[in-house]
Amino acid sequence: MELLIQLLNGIQYGLLLFLLASGLTLIFGILGVLNLAHGSFYMVGAYLAFWLTERTGSLWVAIPLGLAIVFLLGLLLERGLFSRLYHRDHLHQVLLTFGLILIFEELRSVLLGDDVHGVPVPALLSQSIPLTETLSYPIYRLFISGVCLAIAAGMYAVIQKTKIGMMIRAGSTNREMVQSLGINIGLLYTLVFAVGVTLAGLAGMIAAPVSSVFPGMGNQIIIICFVVAIIGGIGSIKGALVAALMIGIADTVGVVLLPEFSGVAVYLLMAVVLLWRPQGLFKVA
Amino acid sequence: MKTPVILIAGSIGIALLPLTGSVFYMQLLSKIMVLAIFAMSLDLLVGYGGLVSLGHAAFFGVGAYAIALLSPKYEPASFWLTFPLALAIAAALALVIGLLVVRATGVYFIMVTLAFAQMLYYLFHDTKLGGGSDGLFLYARPELKLAGAKLLNLEAPVHFYYLVFALMLGVFFLLRTILASPFGHALSAVRVNEQRMRSLGFPALWYKLAAFVLAGGLAGLAGYLSACQFGFVNPEILSWHYSAGVLMMLILGGMGRLYGAVVGAFAFVLLQEVLASDRLFGPLAKHWQLPMGVFIVLIVLLAPSGLTGLAQLAKQPRAAVDG
Amino acid sequence: MAEPVLKAARVTKHFRGLTAVDNVTLDLAVGELHAVIGPNGAGKSTLVNVLSGDLAPTSGSIQLNGREVARSSADERSRLGIGRSYQRTNVFAPFTVLENCRLAAQSRSPHPLNWWRRAVSYRSVTAAAEQALAAVGLESRAGTIAGTLSHGEQRQLDLAMCLATDPRVLLLDEPLGGTGPQEAARMVRLLDQLRRKHAILLVEHDMDAVFALAQVLTVMVNGAVLACGKPEEIRLSAEVQRAYLGGLENDV
């Protein structure tokens, strides 16, 4: 039964990773930009959840406000900075986004300090479902999983079934052709970028009550995101989901079974996958 | 590859600095020269091999931890024994990781090198292998003995300084020789057009692996010296922040020009010293990473071929072919 | 005719949903120039890629001097004696013309991995490179940066690099593409000379050159071989004319 709880935690962690990694893989797959600072948006989301909940008294109010702020931030950054990176090689993208990480971290330090904060779980979701006589599972964690699954389904629907999704898929393979069809690819890219980082912000916001809000949280999780993208295959949302779940479960269960090596387990998994399939599990054509 | 005047002048300056007697500057320059070795090793990999590694600090860290772990607790270890051993360990690790990552290209390569470096970071951070997150102390620097007599006393700043200087020059000339050799020419060509090299009969992967191992070994050399200098190692020197920092030195100085790595190391550390100086900036100094981050963004946007690239442009108005 | 040096049998290449090369069989022998023609999209370049190793075949056999190489990598095949030139410029743009060829020649040197001697000190390697450049007529441009060459000169360089690896088999993908009449004539003379010591596969759209040079002609349409035989027979074949709609008389 305890294993069931760990399994549920693992799935929840995996789905959260998916939310993050999907934004990363979307931005890379379609815009061709490797954004090291993706984790910073996760951090921004978490800190906004803390700060706005303190100001407004309710996480439910904080979330839409925070998402709007992150979306706006994404729009501004894309227009001002990232649009200059589309034709640059990956080294430059890596370094520039690394510089951004430093800027984000220090700005946060200047504006909100370096303390660790908690965010209270909203009253509506603070109950737990009883599993046995002594053990129960927090509803909020199920909520997190639910939100992530809903987003996953939504993304699938948009990308596969709508006109915008078709433009996105086309734009990733043939930018000039899409442009010549009269579609404003600049606007499309701006939207994709803003949505991608907003997904990261959302992840940060809903995760805040369970993972707490602390400096460096973005940097910690970005690497795991990369591992998810590597294992799943960069550009593949399906791959991101499978890989994220694999990692989420392996990591969470691993902490219980082999606490000292839990950090390493994820990378060993990555090494094994790479030996077998150098381009990830789901190669995007 | 012609050596510019500034390098010759700089080398003379470095050689003469200890005459000023300032221990502070000797230690600062020792630190910079060690990082210059680190940066040069990365230039081989990135600037000439085209292999953008975000995990190079792993080998630096392994070299540092090697000497810390190989040294007896309070006595000096033998330099002749530990120096080649630490290099061999770093190179061996580079071989193992290289075999796994060298088939990856482009973004994948960046990400897997990053991930493997993080694995090593967690290995040292979470386990008792290297003292965990607290790190390890190196209480006595290795001794350089010949036939029972001490050749150099590495505890003395001047001796250590000249050892580092000699090694930096040695690495520079070694790499210059290698890059001018058939192997070096082939490696550069693999960076420019790997597919064509294959169709000409070169097993491109082995060249990349060789570069990876050599770069890893040299990074380990730098780590060894760094551990000796500071007497302390901790997992942070394996972190990707550290890897990104040395990449930054490369781009600041100018990649693919070997001496650009040296220039970059100097510029980066000096900039850091200035920005973090509370004499200049008072209480704001502790947020030095903010102006540093802005500076990095500006360099990448405006001067991606670095200081040496700008210098070249200034000399010849005709645009130089560079990366 | 001499024993074939390269034997390709039932070579097929599938991509997702597309069969680019369909059951192609052909032989290459020293002293023979075997031309492959066909409309755009017929799979000619893909065939060259599969024979050279830049692409792996889905099925089929490729034998070089009796040795099966279908599963060998491009660099292995090159070392065994297969050389190719590319349709789209594929040189080392930032290096000089001489360095481009020197690298090609270096691959055959007994010391390609040497790391302590200066590369340019290997006289024999540089000499082989200069020879290759002279063969294609680029010796006067040895010091020029390859990226600044004209299109026609880059095709010449591409061929020179291929020659500098001293191959037995030459797979040439449209070496005359974009060259002017003088350069084209020179190239034709060169290819005729090379034919004597090499087995050549020539993919070309320039029909004058094809008919001047080829001993054997293969026509490909939609990835498959439509006809194969002596050039004059092919020219008169009703089937081929139908497929081309008179295109054999004009440059495609």
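Predicted model: local features only at pLDDT ≥ 70, side-chain atom pairs only at ≥ 80, totals over all residues.
Student: Let's start with chain A. How many helices and strands does it have?

Tutor: Chain A has 11 helices and two strands.

Student: In what order do the elements run?

Tutor: From the N terminus, chain A goes α-α-α-α-β-β-α-α-α-α-α-α-α.

Student: What does the radius of gyration say about chain A?

Tutor: It agrees with a compact globule. For 285 residues, such a globule would have a radius of gyration near 19 Å, and chain A has 19 Å. The C-alpha trace of chain A spans about 65 × 50 × 35 Å along its principal axes.

Student: What share of chain A is buried?

Tutor: Of its 285 residues, 46% count as buried.

Student: Give me one residue to look at. Where is Thr25(A)?

Tutor: Thr25(A) sits in helix H1 of chain A, residues 2–31.

Student: Buried or exposed, that Thr25(A)?

Tutor: Buried. Thr25(A) has 27 C-beta neighbours inside 10 Å, and 20 or more is the cut-off for buried.

Student: Which residues does Thr25(A) touch, leaving out those up to four places away in sequence?

Tutor: Thr25(A) touches Ala229(A), Ile234(A), Gly235(A), Ser236(A), Ile237(A) and Ala240(A). Thr25(A) and Val228(A) are 203 residues apart in sequence, yet 9.4 Å apart in space, C-alpha to C-alpha.

Student: How confident is the predictor about chain A?

Tutor: The average pLDDT of chain A is 85, and 93% of the residues score at least 70. Among its elements, helix H7(A), residues 175–180, has the lowest mean pLDDT, 66. Helix H3(A), residues 59–80, has the highest, 93.

Student: Switching to chain B. What is its mean pLDDT?

Tutor: It is 89 for chain B, with 97% of the residues at 70 or more. Confidence in chain B is lowest in S3(B), with a mean of 76, and highest in H9(B), at 96. Over residues 319–323 of chain B, the pLDDT is below 50. Beyond near neighbours in sequence, that stretch has nine contacts in the model.

Student: Now helix H6(B). How does its span compare with what it should be?

Tutor: The two agree. H6(B) covers residues 157–180, and its 24 residues should span 34 Å at 1.5 Å a residue. Its end C-alpha atoms are 34 Å apart.

Student: Which residues of H6(B) are buried?

Tutor: Phe160(B), Tyr161(B), Leu163(B), Val164(B), Met168(B), Val171(B), Phe172(B), Leu175(B) and Leu179(B).

Student: What covers those buried residues of H6(B)?

Tutor: The cover includes helix H2(B) (23–48), strand S3(B) (149–152), helix H7(B) (182–192) and helix H9(B) (204–230).

Student: And H14(B)? Which of its residues are buried?

Tutor: Gly306(B), Thr308(B) and Gly309(B) are the buried residues of H14(B), which runs over residues 306–315. They cover an arc of only 120° around the axis, so they lie on the same side of H14(B). On the other side, Ala314(B) and Lys315(B) are exposed.

Student: What do the buried residues of H14(B) pack against?

Tutor: They pack against helix H10(B) (240–253) and helix H11(B) (259–275).

Student: How many residues do chain A and chain B put into their contact?

Tutor: Chain B gives 36 residues and chain A gives 35. H5(B) (106–126), H10(B) and H13(B) (289–302) each supply at least two residues of the side of chain B that touches chain A. The largest share of that side, 14 residues, is from H5(B).

Student: What classes of residue are on that side of chain B?

Tutor: It has 28 nonpolar, six polar and two charged residues.

Student: Last topic, chain C. What is the phi of Arg10(C)?

Tutor: Arg10(C) has a positive phi of about 50°, although it is not a glycine. Arg10(C) lies in strand S1(C), residues 6–15. With 12 C-beta neighbours inside 10 Å, Arg10(C) counts as exposed.

Student: And what is the phi of Asn65(C)?

Tutor: Positive, about 50°, and Asn65(C) is not a glycine. Asn65(C) is in the loop between strand S4(C) (59–64) and strand S5(C) (67–68). Asn65(C) is partly exposed, with 14 other C-beta atoms within 10 Å.

Methods:
Residues numbered from 1 in each chain as written. Chains lettered and ligands numbered in written order. Helix = DSSP H or I, 4+ residues; strand = E, 2+ residues; numbered from the N terminus. Rg over C-alpha atoms; globule rule 2.2 N^0.38 Å. Arc of directions from axis to C-beta. Contact = placed C-beta atoms within 7 Å. Expected span 1.5 Å × (residues − 1). Nonpolar A, V, L, I, M, F, W, Y, C, P; charged D, E, K, R; others polar. pLDDT = per-residue confidence, 0-100.
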